[in-house]
Amino acid sequence: MLDLIWLLPSYPLLGFLALVLTGGRLPKKIVAIIGAGSVGLSFLTAAIIAAQFLAGSEDYFVKEVWAWMAVGGFTPGFSFYLDGLSLVMMLVITGVGFLIHLYATGYMADDPSFSRFFSYMNLFVAAMLMLVLGDNLVLLYLGWEGVGLCSYLLIGFWYTNPANGYAARKAFIVTRVGDTSMAIGLFLLFAQLGTLNIQDVLYAAEAEWEVGSGLAIAAALLLLGGAVGKSAQLPLQTWLPDAMAGPTPISALIHAATMVTAGVYLIARTHILFEIAPSVQLLVAWIGLITVLMAGFIALTQSDIKRILAFSTMSQIGYMFLALGVGAWSAAIFHLMTHAFFKALLFLASGTVILSVHHEQNIFKMGGLRKKLPVSFASFLIGSLALTAFPFTSGYFSKDEILLAALEMDGPGTILWVGGVLGAFLTGIYTFRLFFIVFFGENKGHVPENEVGGIHMNGPLFLLMILSLVGGFIAIPVDSVFSYGEVHEEHHVSTLIHGFMIAVPLIGIVISYLFFYAKIFSIEKLMSIPISQILHRFWFSGWGMDWLYDRLIVFPFLWLSKINKADLIDSFYAFIVKFARASNAMIVRTQTGYIRWYALSIAAGLVVLISIGVLL
Amino acid sequence: MILVWLISILFVGGIIAWLSERINPAYPRMIALITVVLDLLLMLSVLGSEPNAGGWIASVNAEWVPRFGISFYLAVDGLSVLLILLTGFLGVIAIGSAWDEIKERVGFFYFNLLWTLAGVLGVFTALDLFLFFFFWEVMLIPMYFIIAIWGHENKNYAAMKFFIFTQVTGMLMLVSILMLAYFHLVQIGNLSFNYHDLLRIEMGNQIEMWVMLGFFVAFTTKLPSVPFHSWLPDAHSQAPTAGSVILAGILLKTGAYGLIRFAVPLFPEASLSFAPIAMTLAAISILYCAKVAFAQTDIKRLIAYTSVSHMGFVTLGIYAWNEQALQGAVMTMLAHGLSAAALFMLAGGLQHRIHTREMPDMGGFWIKVPRMAVVALFFSVAALGMPGLGNFVGEFLALLGAFQANITITVISAFGLILASVYSLWVIQMIFHGEYTGKKIDDSHLTDLNGREMFYFGAMMVGLVWMGMYPQSFLNLSQPVLVELLNNTQSIFAAVVQN
Amino acid sequence: MESIPLEHGLILAAILFSVGLIGVLTRRNIVFVLMSLEIMLNASGLAFIVAASRWGHAEGQIMFLMILTLAAAEVAVGLGLIIQMFRRYKTVDINELSEMKG
Amino acid sequence: MITTLADLLPLLPLLIATATTIVAMTAIGIRRNYALTAGITIAGLLIASLVAASTMFTSNSQVTPLLIVDQYSLFFTVLTCVTAMLIAIFSFPYLANLDDSKEEYYLLLGIATIGAIVMVSSNHFVSTILGLETLSMSLYGMVAYPVHSKLADKFPLEASVKYLVLSAVASGILLFGMALIYAQTGTLEFSSIVNVTKETPGLGAGFSIVALIMVFIGIAFKLSLAPFHMWTPDVYEGSPLPATIYLATIGKSAMFVVLLRLIVTTEALSFDSIILAISLVAIVSILAGNLLALLQDSLKRILAYSSIAHMGYLLLALVASYYVQGTISVEAVTFYLFAYMVMSVGAFGVISIVSSSEKEFDDIDDYQGLFWRNPWLAAVFTGMLLSLAGIPLTVGFIGKFYLFFSGVEAGLWILLAVLIIGSGVGLYYYLRIVYRMLLSPKDGEGFNSGGSQHIGSHGVLAFLLALLLILGVYPTPLVSIIETISLNIL
């Protein structure tokens with residue numbers, strides 16, 4: 001059965017092909033069956049494979065389907081590698097993916113491009129599975145680019161609006177910057193180690209490179225570049241909020257649950273490289289932390305429901321990076337999984353909300369939706385609690401692990417911990433700000449008639465609610481993957497600190513409650529202070545990063561393109577032509593038609609040549 | 001002997017196609033198609049033969065001009081076969097793209113088309129340098145006619161520029177070829193233009209560099225590479241679709257082929273010391289032309305500049321001169337042959353339908369021509385180097401190999417990957433995305449791709465996916481050739497490095 | 001017998017030649033141009049004679065006779081053309097013959 | 001020295017050409033018949049060329065001190081006679097409607113051919129002058145031939161006067177140079193000059209150099225090398241087309257053969273300054289010729305300017321002959337001259353076919369759309385132009401190849417660079433004509449039909465096109481002939 005692992009990406013790929021080749025001529029029902037069904041089949045297969053794998057005693061399993069290419073020692077294959085890590089990823093992708101597909105069959109039901117939507121979605125799942133199952137970095141890169149492409153296609157799904165197209169291109173290009181860095185990383189690894197098979201690379205790197213050696217640092221840095229791009233971490237985070245232009249199930253699947261966590265997966269997958277480059281690993285932690293805080297502050301100010309969730313995603317992935325940075329590999333993956341549950345839940349629920357209020361996304365035009373949209377309310381409640389790490393929800397366990405691991409780290413651990421806790425505090429505030437504004441108070445915009453739903457939309461929500469609540473109790477089988485180098489001892493933290501950690505997000509919730517529900521504190525009053533206005537504007541614009549990048553990169557590029565549209569080099573040849581024409585114009589004037597002038601030229605030629613002859 | 005047939009079938013077919021117009025204007029295209037398909041089948045039959053000891057699958061050698069030691073020497077090895085097959089395949093595609101587009105002077109058109117193909121086949125098979133040069137020039141004339149007669153508004157300028165660029169640099173190559181022959185006369189005692197004979201020539205460093213430059217300039221003009229690229233955008237934007245297909249798909253590859261087959265092996269030492277400059281030019285080509293491409297509003301100009309950019313990877317790969325890089329260059333040649341040809345066909349198809357190439361006048365076409373949009377998306381994505389498609393294999397291998405040769409330049413070149421996505425996606429945005437208004441164009445003929453067109457595009461898609469998913473079937477053919485070339489130069493390189 | 005040095009003869013010929021050439025360059029009347037041509041040709045003839053006297057050969061003198069014939073033929077054709085010209089242009093100004101140029 | 005009848009045998013071609021003219025003259029005297037006169041001339045030239053061809057590989061003798069009849073001279077005798085014959089065929093329809101007596105034209109043509117045969121066989125200054133002046137005199141007449149015609153433009157007169165005056169100046173310079181050489185060496189034979197130029201006695205090396213340069217200038221004028229080229233376009237434009245063809249082909253080749261023999265046998269190039277002077281003239285000619293032609297609209301002028309450039313190319317091979325071992329440069333000159341004759345006759349021939357003595361279609365506009373109006377003529381013209389540009393499949397390419405080869409062997413890098421630049425510029429104006437022919441025809445402009453339907457002229461074009469292509473693809477036969485005959489020159 002394990003041999004059939006290649007079926008996993010094949011189902012959605014076939015689904016994609018079926019949908020593309022029929023070109024939208026199939027009835028929606030069949031499209032839905034193909035679209036969601038193929039992922040469902042994948043999930044079933046994945047579950048069976050997982051069961052079998054866990055029942056077995058092997059730490060990993062490799063299956064080469066065919067040799068991709070063999071060029072002088074460069075021999076990547078289409079081979080799949082299954083171990084605890086990829087197992088978790090594969091289950092999350094197919095499981096959560098299936099639920100979101102199911103949900104989408106309802107959410108997109110009225111869209112004329114229903115079939116196109118599912119073809120992209122299926123392609124995405126296939127690519128994502130390639131990414132996590134690939135046993136070599138080239139195959140991983142294939143998946144990596146593939147998901148990027150699908151992300152582009154789906155963000156720009158509603159292509160008639162140029163803004164969506166812009167967002168899509170931005171997402172693709174910004175991540176491509178990271179991808180390029182990663183590609184260079186691959187070149188470096190191959191040049192130095194002679195292979196791109198992940199396990200061989202790790203083994204060879206450990207054997208050949210000293211800890212902290214320049215090559216290790218360079219390689220790790222380059223891979224990190226790829227990871228921050230895909231996972232929307234500083235400094236390549238700017239694309240994610242704009243990516244919310246896509247249909248909401250996309251945001252749930254790609255920009256929350258799976259693709260954006262690919263960076264985390266990559267670092268976890270190649271963790272040994274980062275271990276022999278400790279400075280880079282520490283950089284990972286810092287990037288994570290700064291992103292946590294930055295995104296947290298931004299989320300405080302946003303008004304678009306999906307953008308808030310996007311920034312929270314960014315922030316949560318920051319936690320995962322933090323975990324990676326402090327060496328808590330399994331905690332990172334754990335958080336990846338729980339985050340997939342509750343963030344998918346939140347996004348899908350927000351999808352229901354948005355659909356119910358007729359595509360309104362501004363939270364200040366909502367309000368009091370608690371009664372009208374009970375399922376969404378419940379979903380949001382549970383999702384928000386998990387997101388803020390409310391005790392014994394899934395998010396609690398995973399975030400706790402991360403913060404504790406940070407605290408136990410030597411050196412900058414404490415600072416990282418403090419930052420992480422501060423982040424959790426912000427999470428509490430912005431999450432419940434959204435929650436209170438949308439579901440409580442009075443409605444300021446559309447009043448929904450009834451909640452959009454149905455079993456294929458609500459079913460996934462219920463399942464995800466359950467997973468968000470109890471997902472923290474799932475034990476992920478990654479010990480064998482990270483057996484090397486991870487600190488595996490019980491956490492020795494005093495109850496006081498632990499209690500503090502639990503309390504901080506709750507304080508955040510309370511503050512949010514006071515501001516946005518009880519209205520004891522007035523947001524207007526706060527906003528009347530100039531400094532908070534400035535901060536608000538600053539945070540609202542995402543710390544001005546877009547502004548900065550526009551001026552540093554985009555505008556100069558556009559300017560250069562514009563002034564050189566005609567191609568400077570061509571003007572050199574144009575000059576030659578001009579020169580020839582000018583010479584012609586000049587020399588033609590010697591042909592005056594006068595015999596005496598012609599005779600003169602003969603005489604002159606005579607004199608010149610004779611002078612040459614005599615003088616030389 | 002089969003090689004002579006390969007070429008002469010096209011020559012003869014061209015003449016018959018021309019003459020048949022008098023009987024019925026519908027005949028030339030059919031005759032052309034039959035001729036090229038026949039040729040393609042012949043090429044496939046070459047694949048079946050076993051290579052001899054030197055790796056040559058088929059060859060023919062006859063005296064031609066004994067006074068100069070010139071012989072009519074054709075031979076193919078794996079590398080040539082790949083490119084010949086590409087030629088045949090794109091030949092069929094080009095005829096397909098001209099099928100409805102060319103309505104005037106049909107016979108002469110297919111005559112020129114087939115003669116261009118014949119010239120290209122000659123270039124890919126000639127192993128006598130005089131013969132090579134002969135074919136090199138022969139393919140220009142019919143191509144000139146194709147642009148000058150069936151081209152668009154500024155065809156005179158474009159055709160002229162194309163011709164003069166390639167001719168003038170060709171003369172530089174001629175001088176270099178003659179230098180080689182002359183050295184053979186001095187060192188061995190007789191004149192010879194035979195490739196194998198000339199490989200044995202030893203030259204002083206200084207002279208070798210100059211002679212090599214003659215070849216380099218000719219080849220990089222055809223390729224093209226900065227700073228000799230500026231004929232290409234004009235030629236492409238003015239050529240009829242079939243012309244662009246042949247130009248981008250095949251003609252450019254002759255330059256790359258020349259670099260691999262002649263420029264480096266004949267002058268290993270000079271090439272070694274020149275490699276950093278060549279690679280720098282490649283990097284400049286990649287980045288500069290990607291940037292210029294982005295600024296274009298004429299879709300064909302844009303694609304033309306992207307061709308230059310992609311060909312930069314080929315130069316990069318060739319001058320990195322190791323197995324991965326060379327295979328990458330070869331794969332890029334093949335994959336770009338298909339993807340660029342397809343993009344030009346799309347552009348041509350659009351122009352045929354709405355009579356403009358200006359992208360700002362377009363927009364939102366997805367709703368009108370969804371199949372075309374999907375096809376365009378596919379090839380744009382292929383062009384930006386999506387793994388799983390042929391272009392990725394080529395560019396990745398080229399960069400992978402180049403990295404081992406020169407880290408800095410490779411890293412800079414890799415940024416081309418980013419710029420490729422910038423312009424590729426911009427094209428999709430400009431033409432297919434956005435709101436459809438149809439205000440600035442006459443959209444009465446804006447119809448989706450028909451079955452015949454879909455067939456051609458489908459074939460090219462299958463080709464690209466094949467190259468992307470199982471490139472080994474192509475790599476296997478070129479591998480022994482490239483390894484042989486590498487082995488031959490290895491000792492020389494080693495000697496140079498020691499000194 | 002004291003002979004005239006070769007150089008003197010040649011210099012005289014050169015001077016005559018230059019005179020003829022300058023005549024061609026400066027005269028506008030085509031008849032004078034023809035005459036100047038005669039002077040040039042005869043200067044060459046003189047040079048041949050002088051040279052022949054250096055070597056004591058007859059060849060130079062034969063050349064001179066040839067040149068004479070040649071000049072005569074040339075003038076004959078030239079005069080014919082001048083007559084035609086005068087018929088058409090009513091002038092013998094050589095500058096009139098400048099319709100073709102560029 | 002007694003000349004026997006056997007000695008005259010090698011001169012048979014010359015004698016036949018002369019006889020032809022005399023017969024034609026007599027025929028005219030008896031009764032004017034245009035077709036008969038032309039027929040006699042054509043037949044006579046044909047016989048002359050056949051005889052020359054048949055004796056080509058058997059005879060090699062000095063006939064009187066003036067003429068040498070060797071393979072090389074016979075090769076060019078054949079070439080000259082055939083070309084003259086082709087020109088006569090072109091002339092026939094061209095002059096058919098001339099409103100003046102037209103038979104004498106063929107006499108001029110025949111006499112000019114005699115002059116040219118003498119020139120290619122000459123290795124003595126006397127015969128050079130004799131041939132040259134015979135040729136020139138006849139050409140003055142040919143150029144001015146339609147001067148009485150009421151229909152013709154007045155250009156023939158202007159052309160003839162220009163040619164006559166300037167040619168006389170050049171002849172003067174040439175003769176003066178010869179006189180100086182004679183003063184220096186005491187001989188007028190090319191082969192005897194060599195010893196003296198080498199040893200430079202008497203009046204000193206500078207004297208020899210001046211003398212040689214003056215001779216060279218005299219020849220350069222006839223070859224229309226810059227800066228002695230200015231007459232060329234005007235005379236070409238003003239002459240009736242057959243005369244233009246004659247001037248451009250036989251007028252050039254005969255002169256170049258003389259130059260080649262002179263330079264090679266006298267080893268004049270052993271003087272650095274002579275090499276420098278010739279190289280300079282070559283460079284200026286290539287550049288000026290090509291640049292002048294660049295934007296011309298008159299086809300005759302374009303071809304005139306391009307001939308200036310082509311003569312410059314030939315000088316490259318001439319200079320190379322000094323540096324190169326073996327005969328390759330001589331072969332290059334010979335082959336290129338041959339190729340040049342073929343393509344020039346062809347290119348002018350197309351123009352001449354559509355023109356007549358009343359109206360010449362000389363403007364590039366007249367040829368717009370020729371490809372679609374008259375594909376046959378357009379194809380021939382394109383072939384000739386591409387050959388002039390040196391594109392493969394044509395004999396012009398092989399010629400260029402020869403030039404490049406001798407340039408490379410001699411290491412004349414600067415000249416080669418100029419050659420490449422010049423050819424590059426040249427491409428532009430050749431292609432410009434081709435392009436105009438490819439355009440759609442304009443209504444109401446240019447000539448209507450394919451011009452003359454005279455079968456002979458079209459036959460000549462077909463012959464030339466076949467020659468152009470066959471020798472372009474498989475030059476070996478001609479190459480080996482030229483290889484053999486070039487041995488004579490050294």
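Colleague: Great, what are the ground rules?
Modeller: Residues are numbered from 1 along each chain as its sequence is written, and chains are lettered from A and ligands numbered from 1 in the order in which they are written. This is a predicted model, with local features needing pLDDT of at least 70 and side-chain atom pairs counting only at pLDDT 80 or more, while totals for chains, interfaces and linings use all residues.
Colleague: How many helices and strands does chain B have?
Modeller: Chain B has 19 helices and two strands; helices (H or I, at least four residues) and strands (E, at least two) are DSSP runs, numbered from the N terminus.
Colleague: Which domains is chain B divided into?
Modeller: Domain 1 covers 1–266 and domain 2 covers 276–499; the bounds come from an automatic or database domain assignment. In chain B, 36 residues of domain 1 are in contact with 45 residues of domain 2, where contact has C-beta atoms, placed from the backbone, within 7 Å.
Colleague: Nice. What supplies the largest share of the domain 1 side there?
Modeller: That is H11(B), with 13 residues of the side of domain 1 of chain B that touches domain 2 of chain B.
Colleague: Switching topic, how many residues of chain B are in contact with chain A?
Modeller: 41 residues of chain B are in contact with 39 residues of chain A. On the chain B side, H17(B) gives the largest share, ten residues.
Colleague: Now chain C: what is its secondary structure?
Modeller: Chain C has three helices and zero strands. Its radius of gyration is 17 Å, well over the 13 Å that the globule rule gives for 102 residues, so chain C is more spread out than a compact globule.
Colleague: What share of the residues of chain C count as buried?
Modeller: 39% of the 102 residues of chain C count as buried, and for chain B it is 68% of 499. Buried means 20 or more other C-beta atoms, placed from the backbone, within 10 Å of the residue's own.

Note on methods:
Buried ≥ 20, exposed ≤ 12 C-beta atoms within 10 Å, placed from the backbone. Contact = placed C-beta atoms within 7 Å. Rg over C-alpha atoms; globule rule 2.2 N^0.38 Å.
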